[in-house]
Amino acid sequence: MRAPVTKKHPIAKPWIEAIHAYVPGKSKAADGRPLTKLSANENPLGTSPAALAAAADAKPTFLYPDPDSIALREKLGEVHGIDPARIVCGAGSDELLNLAAQAYAGPGDEVIYVRYGFSVYDIAARRCGATPVVAPDADYGTDVDALLALVTDKTRAVFIANPNNPTGSFLPRGEIARLHAALPGDVLFVLDQAYGEYVAPEDDDGGMALAAAHGNVLVTRTFSKIYGLAGQRIGWATGAPHLISMLNRIRLPFNVTNTGHAMGVAALEDQDFVVRSREHNRAERARFVAAIEAMANHGLRPLPSEANFVLILFEGALTAEAAHDGLAQRGYATRWLPGQALPHGLRITIGTSQQMDDILAGLREMAEALA
Ligand SMILES: *Cc1c(COP(=O)(O)O)cnc(C)c1O
């Protein structure tokens with residue numbers, strides 16, 4: 001017989017109670033007005049027209065989607081030169097990041113990520129009861145030596161986003177290789193390339209090659225950023241068959257939708273859209289960063305970015321919070337990050353030329369008013 005009930009409601013596991021829910025980028029002002037969203041790193045060019053058209057040809061919606069995402073994995077394999085058996089698809093790469101932590105870490109284990117890393121890693125580690133271990137940064141970037149110094153017998157997984165969100169920082173191929181080479185073979189190295197397509201092909205960080213050659217590397221990618229399919233929730237991961245097999249055991253059975261499959265395949269076939277998006281981003285980001293650098297006298301400092309956003313540090317009279325609020329008054333949502341220990345930082349997605357001009361004009365106006 002069960003002892004008499006003393007609790008008034010079910011009690012969550014302490015490691016679940018310790019989680020701070022993910023905070024998404026805002027799309028409304030404090031007063032409810034809709035804002036132009038430069039707060040979630042979405043593609044300002046929208047979605048490939050071919051992918052939009054493909055939605056109409058998706059499998060009928062009363063039918064369950066293909067549980068194995070076969071057509072999508074085959075197309076991914078073709079585009080990236082990977083055996084489809086080494087690919088698993090997910091409801092966004094967020095699902096796969098969580099599954100990776102869950103498959104390899106539990107109570108008593110440690111999961112390492114860097115300070116100012118992607119906030120999902122903290123949730124992914126905690127939800128399976130593992131202990132998050134945060135490596136110090138090197139001027140907001142990933143410090144390979146500081147991270148390696150934290151590897152212990154308890155370390156089960158290391159999560160790195162490259163380029164990283166929210167900083168935009170990027171570790172070149174040699175540093176990724178050095179980090180991997182120094183990790184014990186039984187530590188899972190999760191390399192999150194959500195912004196990988198924004199990096200020029202010649203500057204590729206070598207993650208896919210590591211995932212192809214080693215048993216402990218999982219590379220994750222997404223259709224949410226350069227492919228402009230954030231609303232469809234499609235991500236994928238590649239690695240050794242034993243890693244893929246573990247994720248397949250615990251993923252949800254029908255985790256990618258019919259429209260997701262159809263749009264994902266069509267988006268992969270339209271690489272012109274990807275190139276156009278990357279070129280737009282590179283040109284606008286360079287112009288934006290140069291203009292922010294010209295505001296150094298007002299204490300604004302853009303961090304170097306290889307992604308589709310720039311993190312600006314506010315070290316003068318104009319604060320990040322005031323800039324965030326002032327830009328909202330001018331119609332734009334940006335990402336202020338006090339919850340990620342960046343109360344002095346504002347992350348701004350690279351939008352259209354007009355949007356970036358508006359942001360720059362707003363920042364200048366606010367900074368000059370305080371000078
Ligand atoms: C946006 C983002 C993702 C992608 O999330 P999805 O679930 O695929 O939409 C993953 N990692 C990082 C670092 C991101 O910024």
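The model is predicted, so local features need pLDDT of at least 70 and side-chain atom pairs count only at pLDDT 80 or more, while totals for chains, interfaces and linings use all residues. Residues are numbered from 1 along each chain as its sequence is written, and side-chain values use heavy atoms, with hydrogens and water left out.

**The sheet**
- Four strands form an open sheet in the order β9-β10-β13-β12, with antiparallel pairing, where strands are DSSP runs (E, at least two residues) numbered from the N terminus and two of them pair if DSSP finds at least two bridges between them.
- The edge strands, each pairing on one side only, are β9 (300-302) and β12 (335-337).
- β12 pairs with β13 (residues 342-349) over three bridges in the antiparallel sense, and Arg 335 stands opposite Arg 347 in β13.

**Helices across the sheet**
- Helix α12 (residues 320-329) lies across β10 (309-314), β12 and β13, at about 35° to β13; helices are DSSP runs of H or I with at least four residues, and angles run from 0 to 180 degrees between N-to-C directions of axes, which are lines fitted to C-alpha atoms, for helices over the stretch in contact (heavy atoms within 4.5 Å).
- Helix α13 (residues 353-370) lies across β9, β10 and β13, running at about 150° to β13.

**Backbone features in loops**
- Most peptide bonds are trans.
- The bond from Asn 162 to Pro 163 is cis, with omega near -5°, and Pro 163 is in the loop between β5 (155-161) and α7 (173-182).
- Asn 41 has a positive phi of about 60° although it is not a glycine, and Asn 41 is buried (under 20% relative accessible area, with a 1.4 Å probe and protein chains only), at 1%.

How values were computed
Buried means under 20% relative accessible area, exposed over 50%, partly exposed in between (1.4 Å probe, protein chains only).
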